Amino acid sequence: MNNFQAILTQVRILLSSHQPSQVQALLDNLLKEELLSREYHCTLLHEPDSEALARKISLTLLEKGDLDLALLGWARSGLQPPAAERGPSHSDHDGSSQCATMELGPLEGSYLELLNSDADPLCLYHIYDQMDLAGEEEIELYSEPDTDTINCDQFSRLLCDMEGDEETKEAYANIAELDQYVFQDSQLEGLSKDIFIEHIGPDEVIGDSMEMPAEVGQKSQKRPFPEELPADLKHWKPVPSSSSSLSCLNLPEGPVQFVPTVSTLPQGLWQISGTGTGVSSIFIYHGEVPQASQVPPPSGLTVHGLPTSPDRPGSTSPFAPSATDLPSMPEPALTSRANVTEHKTSPTQCQAAGEVSNKLPKWPEPVEQFYRSLQDTYQAEPAGPDGILMEVDLVQARLERSSSKSLERELATPDWAERQLAQGGLAEGLLAAKERRRPRETQVIAMLGKAGQGKSYWAGAVSRAWACGRLPQYDFVFSVPCHCLNRPGDVYRLQDLLFSLGPRPLLAADEVFSHIVKRPDRILLILDAFEELEAQDGFLHSTCGPAPAEPCSLRGLLAGLFQKKLLRGCTLLLTARPRGRLVQSLSKADALFELSGFSMEQAQAYVMRYFECSGMTEHQDRALALLRDRPFLLSHSHSPTLCRAVCQLSEALLELGEDAELPSTLTGLYVGLLGRAALSGPPGALAELAKLAWELGRRHQSTLQEDQFPSADVRTWAMAKGLVQHPPGATESELAFPSFLLQCFLGALWLTLSGEIKDKELPQYLALTPRKKRPYDNWLEGVPRFLTGLIFQPRARCLGALVGPSVTTLADRKQKVLARYLKRLQPGTLRARQLLELLHCTHEAEEAGIWQHVVQELPARLSFLGTRLTPPDAHVLGKALEAAGQDFSLDLRSTGIDPSGLGSLVGLSCVTHFRAALSDTVALWESLRQHGETELLQAAEEKFTIEPFKAKSLKDVEDLGKLVQTQRTRSSSEDTAGELPAVRDLKKLEFALGPISGPQAFPKLVRILTAFSSLQHLDLDALSENKIGDEGVSQLSATFPQLKSLETLNLSQNSITDLGAYKLAEGLPSLAASLLRLSLYNNCICDMGAESLARVLPDMVSLRVMDVQYNKFTAAGAQQLAASLRKCPHVETLAMWTPTIPFSVQEHLQQQDSRISLR
């Protein structure tokens, strides 16, 4: 008899005869006895399938040992247990199982033969463990496989044997098939999916009887389960209903077990009886031992077995290892109860059930204490202006190759309308990313953003969200600043990374760490400022410790996390500043997000909140007015760090008086913030601090030790003025600059003041020259702008305000060097990113001569294709174009420019033409139309061009269709007339979508082709072949009468056959007066198609070149084309070499007519 099936039968009956609250109490009791983990308990609470619930509870009792639990009940009750807990029943089953095992022996053949045999796979399983069983004679063993504990080693050996099978290579697939074989009965698939939910409801339903289909008791086709035999029906006898004053308790024959429960179990007795358990009945009771007046509650149901839900995801195999055997295996994720209709459960019961389900059982006390302490650590919000929270958009990022010849990948720049926002904010984004990951796989999520975009603040917001219960998918969140990980030594363990290097050290017992390691899928580890780690590229290839407890270097621990050897199944959240090529650790992330920064409205709202938190509400309006008077600073306010710096300076200026005015450059902004602090410090303190900032930047670091300061006075002054501070998670001796831009400003100040920098080397720090000539890698990317500002701006209000007039001579010499270098630069030879950096540098310099030289050398056609344009970039570019005094044509495609920046550039009178994404442009027109800006709308429509247009995706075709629809709507309007210039003037159109999207998108293109009245070049050739086929050619031919200006038609590599050639020949006469070039290269045209083309060739009076190479026609078709060519003196070239024509025939035809080309 199979012990599992006997227990399963009684658990089924138990579940069908009790209310959900009682089932909840039973599960809580199993959790209290440590038979269930906390997560598995939650999973069972939300299990909608009663059959799956019964099997999982039965497996738990089987794997953990139900008899041991019974003995525990006897010990608590103070009674003497039965003389033979493992009585005759066990002896019988021992013998029978032993015989079965001996008769079975090792199976020959493949694993699939096992599935088709009558052998019990549980008995087969123990063949692989005979050595272990033979070596333990001193322990009383039972050969019944269902009653023995199955450990991880046994399970691993079984998997290894399965993997060696010739017909089944995948071990997990084998386990899935065996699981289905053991648990799923195909004859029960037609029954109800959830009898438990449907039939267990109010109390009056419990007493009703339920009839089961007759086919439930039929014999299984593969192997009959014990509870499916008719004889087993008599093992369950419902107790007749009686009043509460019964004076006796009728017990069945044989041993009896009493199992006490915790206080959450309702009053009453639960009865489990049946053969194969070693006892005739098990009574699980609450409180004291039941007296004679207590009886098991009548079930009123005669249930043979519950059906298997056909759509159940799968049951746990009885020989699968438990969570304690495999500590790194994540447990099932929390699921929600489904398939509960409104008429089956009253609202009160729904509410009660929800409350019961949401009450998660307690962890062990040390784990609970650690959980609460970790919550307290992250729950505290910063006070004052530091606590201002502005929700910014999270944009899903994607990668692209930096060039066609390179395998390196960098962030793609989507157009504004193409951005994919992460809906629901950070909580929903993390939840969606977690749901997409593969089971038991570590997931890496990267949050990218430029310096000052608020990545660290966002990481802190994630931790606070978890502490407030907004990330229930994680049990623990650990946030570690990466500057804490650049430490020497090789004596670190995983515990140190989790508990000792976070915002503040945490005390955790070994039990806590063991709990975490067992459930890695419930762990979120945040690594903030990932760019500060040294040698990031090597994490995916470095060696690491094989076990969490083995000490190794911090680099080895990180390598183990990224290589998915440590905490496998956890979630890694990285925040980093992208700089060109992404390191492999980021480029191979499972999900990429970008922080978009503040919008213009959010920046102004932040200013209002800042002065409100500072207690200066009377200055709010004045501060906003100061910011609006400086459009350049307003554009920079999309960066939260710079927005706060503006607020700090505005606060200081408004305290001085009403005549306050903000500077017009970033250099002036930071000079204003540091000016008073510098004058009140020790002599030379600011210069010493600037030197430290520069040296740290050269090492890609932002933290320093206290002993690195030249004196204690300098350190005390810097800390008092807020120029350095203790970062979160750092030791008492560690300090850091409060912002990356402040470190950049101080680094530029050191370059300005230092006599160690040679004059001829100074221009290279502007980062405008090729990479091979740079003395450093420009990690401090804000240095070039601050350097030009400090050197060129007037001494009295810039450099002199920081360090006094003593450095005038040195600064003057450096100013001459940089001025000579900038005036020799030719802006037209620079790449787009370098050109924008040059404009920023000259704007910071505020030197009229240099500014005029740069703007007057700008080329008339400026292309920023693929270069990201931020709001400050758009502002500086617009200012330069206005000062140039000439007309410009701009290409703004794939720049990610925001609508306000696009509108400001388009509205410039010096911009005569511009190209931008179709979706962005149409959205801009719609916005201008809604706001009533008629003049700007007219200018935007007149200046927009799409010449030439290349459709490379289905979205390109759809956007082109929207543009045509806009023109048609515009033409039907009374207040506008004429065609859109972009549609009217399009002359060249390329279609290159490939063999998959091409046939789908081409009909959409054909429907709008007639709108392009000036189209001259239609190119339908693509390297990957569009394959529009004969149907596409037929649709295209119908548009020829409207394409009066078409001169070039390229239909190469489109799988055109004779039918397509025939359709094309029918439509070509409509193009007789305009078509100059026709290409049918590399199609499938045979002799009949060649005949159709030869027949129409004399009518094409304007045709000059025709290409039919690499088709399928033979010498007959070639001769027909050659004969037709003799009638066309206007044709200059006929290219028709093809391998299906004998070369001698081709040579003969060429000798007759030299216009035939064989190349």
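Me: Leaving out residues up to four places away in sequence, which residues does I516 touch?
Reply: Happy to start there, and keep in mind that this is a predicted model. I516 lies in helix 19 (residues 510-518), where it is one of the buried residues. Leaving out residues up to four places away in sequence, I516 touches F370, F476, F478, L498, F499, I523 and L567.

Me: What covers the buried residues of helix 19?
Reply: Let's begin with the residues themselves: V512, F513, H515, I516 and V517 are buried in this helix. Their cover includes both helices and strands, among them helix 15 (365-379), strand 9 (476-481), helix 18 (494-500) and strand 10 (523-528).

Me: How many residues does the largest nonpolar core have?
Reply: I516 belongs to this core and is among the residues with the most contacts inside it, together with F478, L746, L881, L960, L963 and L1049. Helix 29 (residues 740-753) gives the largest share of the core, 11 residues. A second, separate core has 22 residues, including V23, L53, A54 and I57. The largest nonpolar core has 261 residues.

Me: Is L742 buried or exposed?
Reply: L742 lies in helix 29. A residue counts as buried when its relative accessible area is under 20%. L742 has a relative accessible area of 6%, so L742 is buried.

Me: What distance separates the C-alpha atoms of L742 and L723?
Reply: Leaving out residues up to four places away in sequence, L742 touches Y670, L674 and L723. L742 and L723 are 19 residues apart along the chain, and their C-alpha atoms are separated by 8.2 Å.

Me: How many charged residues are in the contact of helix 26 with helix 30?
Reply: Here L666, T667, Y670 and V671 in helix 26 meet R785, F786, G789 and L790 in helix 30. Sorted by class, this contact has five nonpolar and two polar residues, and the number of charged residues is one.

Me: At what angle do the axes of helix 27 and helix 28 cross?
Reply: In this pair, A685, L686 and L689 in helix 27 meet V714, W717 and A718 in helix 28. By class, the contact has six nonpolar, no polar and no charged residues. The axes of helix 27 (residues 685-698) and helix 28 (residues 712-720) come within 10 Å and cross at roughly 85 degrees.

Me: In what order do the eight strands of the open sheet lie?
Reply: The edge strands are strand 18 (949-951) and strand 25 (1156-1157), each of which pairs on one side only. Inside the sheet, strand 23 (residues 1105-1107) and strand 24 (residues 1133-1135) pair in the parallel sense over three bridges, and V1105 stands opposite T1133. The pairing in this sheet is parallel, and the order is 18-19-20-21-22-23-24-25.

Me: Which strands does helix 41 lie across?
Reply: Helix 41 covers residues 994-1009 and runs at about 160 degrees to strand 19.

Me: What do the buried residues of helix 44 pack against?
Reply: In helix 44 (residues 1087-1096), the buried residues are G1089, A1090, S1092, L1093, A1094 and V1096. They pack against helix 43 (1058-1067), strand 23 and helix 45 (1115-1125).

Me: Which strands stand at the edges of the sheet of three strands?
Reply: This open sheet has the order 15-16-17, with parallel pairing. Strand 15 and strand 16 (residues 888-891) pair over three bridges, and L862 stands opposite L890 in strand 16. A strand with a single partner has one side left without a neighbour in the sheet, so the edges are strand 15 (861-863) and strand 17 (911-915).

Note on methods:
Residues numbered from 1 in each chain as written. Predicted model: local features only at pLDDT ≥ 70, side-chain atom pairs only at ≥ 80, totals over all residues. Heavy atoms only, no water. Pairing = 2+ DSSP bridges. Helix = DSSP H or I, 4+ residues; strand = E, 2+ residues; numbered from the N terminus. Contact = heavy atoms within 4.5 Å. Axes fitted to C-alpha atoms, helices over the stretch in contact; angles between N-to-C directions. Core = buried A, V, L, I, M, F, W, Y, C linked by side-chain atoms within 4.5 Å. Buried < 20%, exposed > 50% of the residue type's maximum accessible area, 1.4 Å probe, protein only. Nonpolar A, V, L, I, M, F, W, Y, C, P; charged D, E, K, R; others polar.
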